[in-house]
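Hi,

Here is the structure I promised to pass on. Have a look at it first, and then read my notes below.

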Amino acid sequence: MKDWQSQSHAKWDCKYHVVIVPKYRQRVFFGRRRKQIGAILRELCRQKEIGILKGNAQPDHVHLLLSIPPKYSVAMTIGYLKGKSAVRIHRELMKTQGTLFGRSFWSRGYCVSTVGLDEMMIRRYIQEQAKHERDQERGLFDNEN
């Protein structure tokens with residue numbers, strides 16, 4: 001069917017389309033630094049074994065297609081990416097000295113949408129599952145003779 005990923009007790013294929021926006025849509029700063037910000041996001045995803053299947057940084061927002069393991073919630077993942085990347089952006093790109101208390105880079109919200117299997121394919125699979133199991137049972141009993 002697909003190339004599913006595995007953990008010790010789970011097979012999974014969890015993909016999400018995520019859009020995050022810098023605070024006040026800082027086009028001037030963000031547009032010039034988007035490649036560097038993309039590298040920061042890729043590094044953070046690698047650390048948590050989150051797959052970036054596709055990414056595109058526009059002058060005022062970022063689109064990501066993420067493959068998130070089921071051990072992480074989407075909210076936790078987005079919070080981690082936005083929080084850690086904001087710290088690194090302030091330190092490395094904005095050269096902020098001292099405390100980062102009260103500073104932000106990303107806006108509070110985000111947009112997320114699931115990217116799953118074709119709904120009609122799943123409906124067909126569920127509908128035909130009973131028939132598939134009956135056929136397997138018949139095959140087991142036919143082999144015993």
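Let me start with Leu66, which touches Cys14, Lys15, Tyr16, Val18, Cys45, Ile50, Gly51, Ile52 and Leu81, leaving aside residues up to four places away in sequence. Keep in mind throughout that this is a predicted model.

Leu66 turns up again in the largest nonpolar core, which has 23 residues. Along with Val18, Ile37, Ile68, Leu81, Ile89 and Trp106, Leu66 is among the members that touch the most others. Two or more residues each come from strand 3 (15-20), helix 1, strand 5 (62-67) and helix 2 (74-93). Helix 2 is the top contributor to this core, with seven residues. As background, nonpolar side chains in soluble globular proteins tend to be buried together.

The buried residues of helix 2 are Val74, Thr77, Ile78, Tyr80, Leu81, Lys82, Ser85, Ala86, Ile89, His90 and Leu93. Just after the helix, Lys95 has a positive phi of about 55°.

Where does the side chain of Lys82 go? It reaches the backbone oxygen of Gly109, at 3.0 Å. Besides Gly109, Lys82 touches Ile20, Trp106, Ser107 and Arg108, again not counting residues up to four places away in sequence.

Another lysine to check is Lys48: its charged end sits over the ring of Tyr80, 4.9 Å from the ring centre.

On the aromatic side, the structure holds one pair. Phe105 and Trp106 form it, edge-to-face, with 5.0 Å centre to centre and 90° between the planes. Are these two residues buried or exposed? Both Phe105 and Trp106 are buried.

Last, Glu43, which belongs to helix 1 (residues 27-47). Its relative accessible area is 27%, so Glu43 is partly exposed. Glu43 and Leu81 are 38 residues apart in sequence, while their C-alpha atoms are 9.9 Å apart in space.

Cheers

Conventions: Residues numbered from 1 in each chain as written. Predicted model: local features only at pLDDT ≥ 70, side-chain atom pairs only at ≥ 80, totals over all residues. Heavy atoms only, no water. Helix = DSSP H or I, 4+ residues; strand = E, 2+ residues; numbered from the N terminus. Buried < 20%, exposed > 50% of the residue type's maximum accessible area, 1.4 Å probe, protein only. Core = buried A, V, L, I, M, F, W, Y, C linked by side-chain atoms within 4.5 Å. Contact = heavy atoms within 4.5 Å. Phe/Tyr/Trp six-rings, centres within 6.5 Å; stacked < 30°, edge-to-face > 60°. Lys NZ or Arg CZ within 6 Å of the ring centre and 35° of its normal. Polar contact = N/O pair within 3.5 Å; in protein donor to acceptor, adjacent residues only side chain to side chain.
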